[in-house]
Amino acid sequence: MPADTKVSHPVFARLYARIASEAERKGAAENRDEMLGGLEGRVIEVGAGTGLNFGHYPHEVTEVVAVEPEPLLRKMADEEAAHSQVSIKVVDGVADALPAEDGSFDAGVPSLVLCSVADQGAALAELFRVVRPGGELRFLEHVRAESRAFARFQRAVDVFHPLIGGGCHTSRDTLAAIEAAGFVVERVRRFRFTPCFVDQAVSPHIVGTARRPTAQEGS
Ligand SMILES: C[S@@+](CC[C@H](N)C(=O)[O-])C[C@H]1O[C@@H](n2cnc3c(N)ncnc32)[C@H](O)[C@@H]1O
């Protein structure tokens, strides 16, 4: 039984649409370019939000299936997809029960979503299932800080943060979770980025690439 069968955060959805467009101007757009550069083939994006990644997919991407459960965000993503140069299909669905066949994608893209899903392990297991052996995971996420003091601060913030941030946790060790799901991390860059100055707890970020091993490599 999926942990999230329905996701509805209308207030957060409106707020996110505003904060995110401000963040794009502050440098988030460059982070998205770094995440998606060189990608090709069929891609599944999980928790697509308003579709801020859509304009950053390279032409070599043949199709993007963009899964978004929140109705208002999905509507905005749909409108954004209509302007995209790459073929993008926006669909309803949740991360821990992806509407896709095993191994049917060349790449999976979680960006700023593994903080918000109810069951991070289940979401990553689904991405592992639908990405073909040898395929990629391209990720951009805010994560637990390496500094133990900062991570303690993030854990304290997480007492209330998910309640005001559409389920968003600040202290998740997402890189470890990606590896625990079976992906092999090939490249990761840690950096600080503060999209909203009052929300310092989300500033530690990672961007990178992981791969689902092939059968020969022991997946
Ligand atoms: C912070 S927004 C990020 C949106 C977008 N990926 C981006 O990079 O701007 C988090 C997104 O995760 C979605 N989300 C939350 N729970 C989810 C779930 N269980 N499955 C899929 N998406 C989910 C939310 O609806 C929202 O669109």
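Predicted model: local features only at pLDDT ≥ 70, side-chain atom pairs only at ≥ 80, totals over all residues.
The strands are arranged in an open sheet of seven, in the order β3-β2-β1-β4-β5-β7-β6 and with mixed pairing. At its edges lie β3 (88-91) and β6 (184-192), each of which pairs on one side only, and neighbouring strands are turned against each other by 15° on average, direction ignored. Within this order, strand β1 (residues 41-46) pairs with strand β4 (residues 105-110) in the parallel sense, over four bridges, and V43 stands opposite A107 in β4. In strand β7 is found T209, which counts as buried because its relative accessibility is 9%. Leaving aside residues up to four places away in sequence, T209 touches E136, L137, R138 and F139, together with V184, V185, E186 and R187.

Helix α1 lies across β4, β5 (131-142), β6 and β7 (204-211), and runs at about 165° to β5. Two packed helices are described by the angle between their axes and the distance between the axes. For helix α1 (residues 10-36) and helix α2 (residues 71-82), the angle is about 35° and the axes are 8 Å apart. In this contact, P10, A13, R14 and A17 of α1 meet L72, L73 and M76 of α2, so that the residues involved divide into six nonpolar, no polar and one charged. Helix α1 also contains L15, which is partly exposed, with a relative accessible area of 45%; L15 and G166 are 151 residues apart in sequence, while their C-alpha atoms are 9.9 Å apart in space.

A search of the whole structure finds two aromatic pairs. In one of them, the rings of F128 and F183 have their centres 5.2 Å apart and their planes at 75°, so the pair is edge-to-face. Because F128 belongs to helix α3 (residues 120-130) and F183 to the loop between α6 (174-180) and β6, this pair ties together parts that are 55 residues apart in sequence. F128 is buried, with a relative accessible area of 16%, and F183 is likewise buried, at 3%. The pair formed by F150 and F153 is also edge-to-face, with 5.4 Å from centre to centre and 80° between the planes. These residues, F150 and F153, are three residues apart in helix α4 (residues 148-157) and are therefore separated by about one helical turn. F150 counts as buried at 17% relative accessibility, whereas F153, at 38%, counts as partly exposed.

Charged groups are also placed over aromatic rings. The charged end of R192 sits over the ring of F150, 4.4 Å from its centre, and the charged end of R189 sits over the ring of F191, 4.4 Å from the centre of that ring.

Definitions and conventions
Residues numbered from 1 in each chain as written. Heavy atoms only, no water. Axes fitted to C-alpha atoms, helices over the stretch in contact; angles between N-to-C directions. Helix = DSSP H or I, 4+ residues; strand = E, 2+ residues; numbered from the N terminus. Contact = heavy atoms within 4.5 Å. Pairing = 2+ DSSP bridges. Buried < 20%, exposed > 50% of the residue type's maximum accessible area, 1.4 Å probe, protein only. Phe/Tyr/Trp six-rings, centres within 6.5 Å; stacked < 30°, edge-to-face > 60°. Lys NZ or Arg CZ within 6 Å of the ring centre and 35° of its normal.
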